[in-house]
Amino acid sequence: MFKRHKSLASERKRALLSQRATRFILKDDMRNFHFLSKLVLSAGPLRPTPAVKHSKTTHFEIEIFDAQTRKQICILDKVTQSSTIHDVKQKFHKACPKWYPSRVGLQLECGGPFLKDYITIQSIAASSIVTLYATDLGQQVSWTTVFLAEYTGPLLIYLLFYLRIPCIYDGKESARRLRHPVVHLACFCHCIHYIRYLLETLFVHKVSAGHTPLKNLIMSCAFYWGFTSWIAYYINHPLYTPPSFGNRQITVSAINFLICEAGNHFINVMLSHPNHTGNNACFPSPNYNPFTWMFFLVSCPNYTYEIGSWISFTVMTQTLPGGLTA
C-alpha cells in the first residue's frame with residue numbers, strides 16, 4: 001500500500017515537471033518567433049534578384065552593286081546596327097581600295113538620292129540583308145577649300161585692278177589721271193569684306209567635313225572672280241567718274257557699309273554658337289548687342305546685312321556691277 005502511494009506521488013511529480021518544461025519551451029518559442037518577426041519586418045520587403053540582361057547585337061550583311069553596270073562589287077559582313085553610311089564607306093574602301101570614301105555615293109536604289117553620311121544602317125534596313133548601289137562622284141574637294149578659293153580670288157583680283165597694271169589699263173592714261181579718294185576707300189572696303197569672309201571661314205563657321213564635286217568649285221570661283229573683275233575694272237579705271245553727290249554720298253554710304261559688315265560678323269558668330277536647351281538646339285534670339293536686334297524683323301539677318309553692304313558699296317562708288325552682285 002505504501003509503495004503504491006509512493007509511485008503515484010512520483011508520477012505526479014514527473015507530470016508537473018513535464019508540464020513546466022513544456023510551458024518553458026512554449027514561452028521560449030514565442031520569444032524566438034516574436035524576435036524573428038521583428039527582424040523580418042525591419043528588413044523590409046524581399047527584393048527580387050535582378051535579372052541579367054544579355055545584350056543582343058544585330059549584324060547586317062550589306063551587298064554593294066555598281067549603279068551603272070548593276071554588277072555586284074562586294075559584300076560587307078558583320079555590320080552593326082549603329083554603323084553609319086560613313087562607316088560603310090570606310091569598310092567599302094578597305095574591301096575595294098579603288099573606291100575612295102570621298103568619291104563614293106551610296107543609294108538604296110538606282111537613280112535615288114544619295115544617302116547622307118550620318119544615316120545609320122538600322123534606319124534604312126528592311127531585313128538583315130541591305131542592298132546599296134555605289135556611284136563614283138568624280139574628283140572631290142573639301143568645302144573649306146571651296147570657300148577659301150571663293151574668297152581669296154576676289155581679294156587678289158581686285159588688288160591687281162587697283163594697281164592698274166599695264167596689261168589691263170593704258171599706262172599713259174593711268175599715269176596722267178590721279179585716283180579719286182573714293183577709289184582708295186572702295187579698295188579698303190572691298191578688302192575688309194573678303195578678309196572678314198576668310199577669317200570667319202577659318203575661325204567662326206563650322207564647315208562641313210564633307211566634300212563636293214570639283215565642278216562646284218569651278219562654278220563658284222567663276223561667279224565670285226568674274227563679278228569682282230567686272231566691279232574692279234570700272235572703279236579703278238582711269239576714266240572713272242566719282243559719285244554725283246560728292247563727299248556726302250561717299251561718307252554716308254561708307255559708314256552704312258561698315259555697320260552692315262559689323263552686323264554680319266556678329267550674326268555669324270551667333271549662328272555658329274546656338275543656344276542649347278536640353279537636347280534641342282534653339283534658334284538665336286536678340287540680346288544686348290544692338291546688331292542682333294535685326295532678329296525682331298527677319299529670321300536670318302546675316303543675309304540682310306550682306307545685301308546692305310553691297311547696296312552701300314554700290315551707292316558709294318556709283319557703279320552698276322556692285323548692285324548686281326548683291
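In what order do the 4 strands of the open sheet sit? Read on for that and a few other close-ups of this predicted model.

**View 1. The open sheet, strand by strand.** The order is β2-β1-β4-β3, and the pairing is mixed. Strands of a sheet pair through backbone hydrogen bonds, either parallel or antiparallel. At the edges you'll find β2 (72-80) and β3 (104-107), each with a pairing on one side only. On average, neighbouring strands here are turned by 30° against each other, direction ignored.

View 2. β1 covers residues 59-66 and pairs with β2 in the antiparallel sense, over 6 bridges. Look along the pair and you can pick out Glu 63, whose bridge partner in β2 is Ile 75. Ile 64 stands opposite Cys 74, also a residue of β2. The two strands make a hairpin with 5 residues between them, and Arg 70 in the turn has a positive phi of about 60°.

**View 3. The other partner of β1, and the helix lying across.** β1 and β4 also pair over 6 bridges, here in the parallel sense. Glu 61 stands opposite Ile 129 of β4. Helix α2 (residues 85-95) lies across β1, β2, β3 and β4 (129-136), and it runs at about 125° to β2. Is β1 mostly covered or mostly open? Mostly covered: 6 of its 8 residues are buried.

**View 4. The largest nonpolar core.** This core has 26 residues, and among those with the most contacts inside it are Tyr 158, Val 182, Ala 186 and Phe 313. Two or more residues each come from α4 (143-162), α6, α7 (214-235), α8 (246-272) and α9 (301-317). Helix α6 gives the largest share, 9 residues. Apart from this core lies another one, of 19 residues, including Ile 64, Cys 96, Leu 106 and Ile 121.

**View 5. Tyr 194 and what it touches.** Tyr 194 is one of the residues with the most contacts inside the largest nonpolar core. Leaving out residues up to four places away in sequence, Tyr 194 touches Tyr 151, Pro 154, Leu 155, Tyr 224, Thr 228 and Trp 310.

**View 6. Glu 200, tucked into helix α6.** Glu 200 belongs to helix α6, which spans residues 181-203. Why does Glu 200 count as buried? Because its relative accessibility is 1%, and buried means under 20%. Setting aside neighbours within four places in sequence, Glu 200 is in contact with His 205, Asn 264, His 265 and Asn 268.

Methods: Residues numbered from 1 in each chain as written. Predicted model: local features only at pLDDT ≥ 70, side-chain atom pairs only at ≥ 80, totals over all residues. Heavy atoms only, no water. Buried < 20%, exposed > 50% of the residue type's maximum accessible area, 1.4 Å probe, protein only. Contact = heavy atoms within 4.5 Å. Core = buried A, V, L, I, M, F, W, Y, C linked by side-chain atoms within 4.5 Å. Pairing = 2+ DSSP bridges. Axes fitted to C-alpha atoms, helices over the stretch in contact; angles between N-to-C directions.
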